[in-house]
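Biologist: I should like a close look at one helix, and then a connected account of the sheet and the aromatic pairs. Please state your cut-offs as you proceed.

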Amino acid sequence: MTDLPKIDFIYLNEQDMIKAGVTDMAGCVDAMEDMFVLLHKGDYRMAGANNDSHGAMVVFPENSPFPNMPKPTADRRFMAMPAYLGGTYGTTGVKWYGSNIANRDKGLPRSILMFTLNDTDTGAPLAIMSANLLSAYRTGAVPGVGARHLARKDSKVVAVYGPGVMGKTSLAAFMVACPGIDTLKIQGRGQKSLDSFISWTKETYPQITNIEIVTDIETLVRGSDIVTYCASGETGDVSKYPIVKREWLKPGAFLSMPASCEIDEGMEQKDVRKVMDNIGLYEAWFEELPKPAHVHVPVIGVRFMDMIHEGKMTHDDLEDLGDICAGATPGRQNDEEIIMLSVGGMPVEDVAWGTTVYRTAIAKGIGTKLNLWDVPVLR
């Protein structure tokens, strides 16, 4: 932003992010599709030995001799998620967040996130951003990319388990990919979250004229064209993860799973297409985790890795969303096939959407300009 060695950067608070377009879901879906093509080409880097790691996480022990050390309550962690993304982006960034499900009792989001975008050549900061919306929209946009390639074009009925932020952004992305959707089936644990979700849906998507609240997951899934499980919860007991059974699904159903999920034996079968947002991400997870890995990371793609380990499927049975976006692997091939997409979330997504929002902010003069130094004291 200035001639070196002086370094200025911008700070974008949440309202700045909104002004710079972070909630533009159609634009975000397009950016995520661009990103997936770059993943297919290999023009990216994340952390870990295979350059595909989700990130580095700080967790807390069950028993500690230090009284001030946090307890490992539900969703209690700190995490750094760094990545480089090439193509027209050419930037590097890291998302940092703390998470605690008990935050909701304080009127706070479960996770509180910040994102730093850096110049890839010098490492200098370009921007520090409020990242809750950034993360929510890029997470929801990936199911939208999946629906663009894998859902039936005439999809009308969406089933959402978990009426929270992830459910809202997933539905927003489905509406981009399948604008003929007119029916929402929704299941949640609390009336407050259900009421909020329904009010938001009516205001944002008046074309959804049928909204049905259901109380059991089988009723939710049956008859739905698109199914997504978006509820956060505790890990460690797979029997408590929400399950999807093959017999519940109509022909041609598309399932997008960005949160806890378990499947029955029918869903394990080879004729259910199993698509990953990035196979390397799950390979990195599987390398890092005790076995069975699905106990520790409840995303369904980790279950697929367990199945490979147990001899229930082969690596060749997995498909990669980047390959599909790039045209190297076919998307939906007929109206009957059932396709399941595992959404694990990757820091390259934050870099793609963060860079897009940053460039809009610069073009429109949005944000607060901050100075790192005019001349560094140490060099």
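Modeller: In helix α4, the buried residues (under 20% relative accessible area, with exposed over 50% and partly exposed in between, for a 1.4 Å probe and protein chains only) are Gly167, Thr169, Ser170, Leu171, Ala172, Ala173, Phe174, Met175 and Ala177. The model is a predicted one, in which local features need pLDDT of at least 70 and side-chain atom pairs count only at pLDDT 80 or more, whereas totals for chains, interfaces and linings use all residues. Residues are numbered from 1 along each chain as its sequence is written, and side-chain values use heavy atoms, with hydrogens and water left out.

Helices (H or I, at least four residues) and strands (E, at least two) are DSSP runs, numbered from the N terminus. Helix α4 comprises the 13 residues 165-177, which should span 18 Å at 1.5 Å a residue; its end C-alpha atoms lie 19 Å apart, in agreement. The expected span is 1.5 Å times one less than the number of residues.

Turning to the sheet, 8 strands form an open, parallel arrangement in the order β10-β9-β8-β11-β13-β17-β15-β16; two strands pair if DSSP finds at least two bridges between them. The edge strands, β10 and β16 (318-320), each pair on one side only. From β9 the chain passes through helix α5 (residues 191-204) to β10 in a right-handed β-α-β crossover.

As for the aromatic residues, the whole structure contains 6 aromatic pairs. Rings of Phe, Tyr and Trp (its six-membered ring) pair if their centres lie within 6.5 Å; planes under 30 degrees apart count as stacked, over 60 as edge-to-face and the rest as tilted. The pair of Trp200 and Tyr205 is edge-to-face, because the centres are 5.7 Å apart and the planes stand at 80 degrees. Trp200 is partly exposed at 21% relative accessibility, whereas Tyr205 is buried at 13%. Tyr282 and Trp285 are also an edge-to-face pair, at 5.6 Å centre to centre and 65 degrees between the planes. They are 3 residues apart in helix α8 (residues 279-288), a separation of about one helical turn. Tyr282 is buried at 0% relative accessibility, and Trp285 is buried at 9%. Phe60, Phe78 and Trp96 form one aromatic cluster.

Conventions: Right-handed = clockwise from strand over helix to strand, strands pointing away.
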